[in-house]
Amino acid sequence: PWSHDAAVRTLFDVLGPAGITARFVGGWVRDAVRGAPLRGEPDLAVDRPPETLMDVLEAARIKVVPTGLKHGTVTAVIAGRPFELTTLRRDVETDGRHAVVAYTDDWLEDASRRDFTFNALYADPDGTLYDPFDGRADLAAAHVRFIGDADQRIAEDRLRILRFFRFHAWYGKPPFDSEGFMACRRNAGGLRGLSGERVRNEFLRLLEAPAPADTVGAMREAAILDHWLPECIGVAKLRALIAREDEPASVRRLASLLSPDADATAIGKRLRLSTQQALRLEVMLAADPVIDVAGGPKAWRAQIYALGGNLYADRLLLATEAPGDWRGALAMARDWTPPELPVSGGDALKLGLKPGPKVGSLIEAVERWWIDGDFAADRAACLAELERRVRAAP
Ligand code: ATP
């Protein structure tokens, strides 16, 4: 129950007297029913159109943002916390990729257009549950079950194939619901027509599950990944990665699935990864440098200096066969901030050098010397080394 939550109370104290019924739905309800800690922001379903919600909330001086009017969603902000309010909907028409929806005030109609039984669980703030399809029992049994006929639900929106596996990875346990699994396998070809964004969103969220390897392995065997991720060669490395990673990172987990010669740029484009994600994937897949775990702290520092702590940690965590104290290396990547080279081109000019490529190569030579000395040399020592080199090769 959320009745003790002051922001929730404020929201319901405004909606209730206006004759509006709102119920929690989605992640918050699943987590609460499972007794798991709540993650993310609450989603609510409401039986009035967005315009009415905006009017009522604004009249009560609650900040409300039209975050997704197209989908019937507005966000109320109370005590700095967002509450996403989505008007009940029914599907008018679907083509497997998009749905034309209309508002309704019928809770069962809204429930019927949701995908899995436990995604149609609604709750009042006092904890009363509305469970039209026995989702609670499925959640308790770790069973991901389509609402209605699986083939038909997939035909309405093929993304549901990936959602089936995403929710299985998070809330399911083996075996799969066989009707759902077979329908997903039968319809896997339909994944082709989806947008890269939607596919990426589901797949990365799947990879964030605590232990997604079995699910991904089953998807690969059922040819679910053939179109969107043909570079996936198996889940052995994902298992090894998960056994040692200090924080789950979906893009790193993605990298662990890929064949070593996979084209990170092509994958980044196909899955509409952000520039930063694509770059990270590229660095993780690059052949160089080979991560030298056995080389000890000095070798670790040199590589952390070159790659930065985060990318070094990515590479290290993926280098699951490299011998050596990877825990020590990882701790260093997380804790040690590489220093800055204490000399620069300006210092070379002060020593009488003319601007030009020579300056750069001298500074690089001093940098290599400084790294080789394990970053011990201070500015005075680096200046002396620079001067020595300028004299030696003017
Ligand atoms: P999480 O907490 O992981 O975000 P969620 O359940 O909130 O999980 P969303 O993808 O945000 O996941 O969806 C919110 C709700 O909207 C779902 O619980 C489901 O009822 C419904 N829903 C979302 N996408 C679909 C879809 N493609 N088909 C049917 N129902 C959907």
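The structure before you is a predicted model, and the values I quote are computed from it.

Let me begin with the division of the protein chain. Four domains are assigned: domain 1 spans 1–141, domain 2 spans 143–286, domain 3 spans 296–335 and domain 4 spans 345–392. Both domain 1 and domain 2 contribute residues to the shell around the ligand, and therefore the ligand lies between them.

Around the ligand we find Gly-26, Gly-27, Gly-40, Asp-43, Arg-114, Asp-115, Asn-119, Asp-157, Leu-159, Arg-160 and Arg-163. Sorted by class, six of the shell residues are charged, four are polar and one is nonpolar. Helix 7, residues 159–171, supplies the largest share of this shell, with three residues.

I turn next to an annotation. An unreviewed UniProt entry carries the label "domain: Poly A polymerase head" for residues 22–144. In the model, that span is 24% helix and 34% strand, and its end C-alpha atoms are 25 Å apart.

A hairpin is formed by strand 6 and strand 7. Strand 6 covers residues 89–94 and strand 7 covers residues 99–103; the two pair in the antiparallel sense, over five bridges. Which residue of strand 7 is the bridge partner of Glu-93? The partner is Val-100. Arg-90, in turn, stands opposite Ala-102 in strand 7. Four residues lie between the strands of this hairpin, and Gly-96 adopts a positive phi near 95 degrees.

Finally, I come to the other domains of the chain. The centres of domain 3 and domain 4, taken over C-alpha atoms, are separated by 27 Å. Why does Ala-331 count as partly exposed? The reason is that Ala-331 has 14 C-beta neighbours inside 10 Å, a count that falls between the limits of 12 or fewer for exposed and 20 or more for buried.

How far apart are the C-alpha atoms of Ala-331 and Arg-114? They are separated by 44 Å, with the two residues 217 residues apart along the chain. Arg-114, as we saw, is one of the residues surrounding the ligand.

Key:
Residues numbered from 1 in each chain as written. Predicted model: local features only at pLDDT ≥ 70, side-chain atom pairs only at ≥ 80, totals over all residues. Pairing = 2+ DSSP bridges. Domains from an automatic or database assignment. Near = placed C-beta within 6 Å. Nonpolar A, V, L, I, M, F, W, Y, C, P; charged D, E, K, R; others polar. UniProt positions renumbered as here; feature names shortened; annotations may be inferred.
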